[in-house]
Amino acid sequence: MGIPLPPCYLTLFLLLFISFNNVGHRNLVFADDALIEAQCHNAEVPETCIKCVKSDSRSQSANKVGIAAIIITCLSNKATTLINNMTTLASGARDKNLKVALRGCEKGFYYTKTNLIAATNRLKGKEYDQTNLLVKQALEEEFVCKMKVEVLRFNFPSSVTFDMGVYEELSTAVMRIVDRFV
């Protein structure tokens with residue numbers, strides 16, 4: 001059924017397997033943390049960038065382009081959160097103009113998701129100027145939303161304001177990272 005091996009061979013094999021597996025893994029993670037920190041260092045708020053990247057399992061094996069792609073994924077996820085927030089706020093709005101503005105914000109964030117998908121594709125195709133252009137356009141939608149709502153003297157709930165701030169920080173971070181690819 002098999003070749004019987006003395007227990008000392010099995011023990012030696014097991015020890016070698018464990019030591020090679022653990023040693024290489026520790027060094028790999030340390031190098032990845034250093035790369036993440038280096039890429040996020042020039043962001044206005046590096047903590048937000050680092051938190052985003054480390055929250056994605058792909059970060060353990062990501063290169064510079066992979067880190068930028070992860071941040072775009074975080075942006076897309078934040079856009080989804082903002083779409084849901086705008087839907088909820090619009091459904092509860094009594095003022096007709098505010099409801100229209102919030103629905104416009106909702107549509108704008110849907111548009112940003114399309115731009116962010118395209119930005120990821122451009123990034124993978126090494127079209128870095130186009131990547132940043134698409135991220136910038138996605139960020140402009142957030143600014144337009146805030147402007148339309150502020151004109152109506154409506155204050156977003158603090159959680160929405162926080163999400164919008166994170167969206168801005170991540171947008172700036174990814175554009176700065178991609179700028180360094182050129």
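**View 1. Overall fold of the predicted model, with 6 helices and 0 strands in the chain.** Along the sequence the pattern reads α-α-α-α-α-α. Helices (DSSP H or I runs of at least four residues) and strands (E runs of at least two) are numbered from the N terminus. The model is predicted, so local features need pLDDT of at least 70 and side-chain atom pairs count only at pLDDT 80 or more, while totals for chains, interfaces and linings use all residues. Residues are numbered from 1 along each chain as its sequence is written, and side-chain values use heavy atoms, with hydrogens and water left out.

View 2. Of the 182 residues, 38% count as buried (under 20% relative accessible area, 1.4 Å probe, protein chains only). Among contacts (heavy atoms within 4.5 Å) with a separation of 6 or more, 67% join residues 24 or more positions apart. The accessible surface of the chain is about 11,200 Å² (Shrake-Rupley method, 1.4 Å probe), and carbon and sulfur atoms hold 59% of that surface.

**View 3. T112 in helix α4.** Helix α4 spans residues 96-124 and includes T112. The relative accessible area of T112 is 0%, so this residue is buried. Beyond neighbours within four places in sequence, T112 contacts A79, A138, E141 and Y167.

**View 4. Nonpolar surface patch around M147.** V144, M147, V151 and L152 make a nonpolar patch of about 340 Å². Such patches join nonpolar side chains (Val, Leu, Ile, Met, Phe, Trp, Tyr) within 5 Å, from residues with over 30% relative accessible area and no salt bridge (side-chain nitrogen of Lys or Arg within 4 Å of a carboxyl oxygen of Asp or Glu). M147 lies in helix α5, residues 128-151.

Methods: Buried means under 20% relative accessible area, exposed over 50%, partly exposed in between (1.4 Å probe, protein chains only). Patches are made of residues with over 30% relative accessible area and no salt bridge: like charges are joined within 9 Å, nonpolar side chains (Val, Leu, Ile, Met, Phe, Trp, Tyr) within 5 Å.
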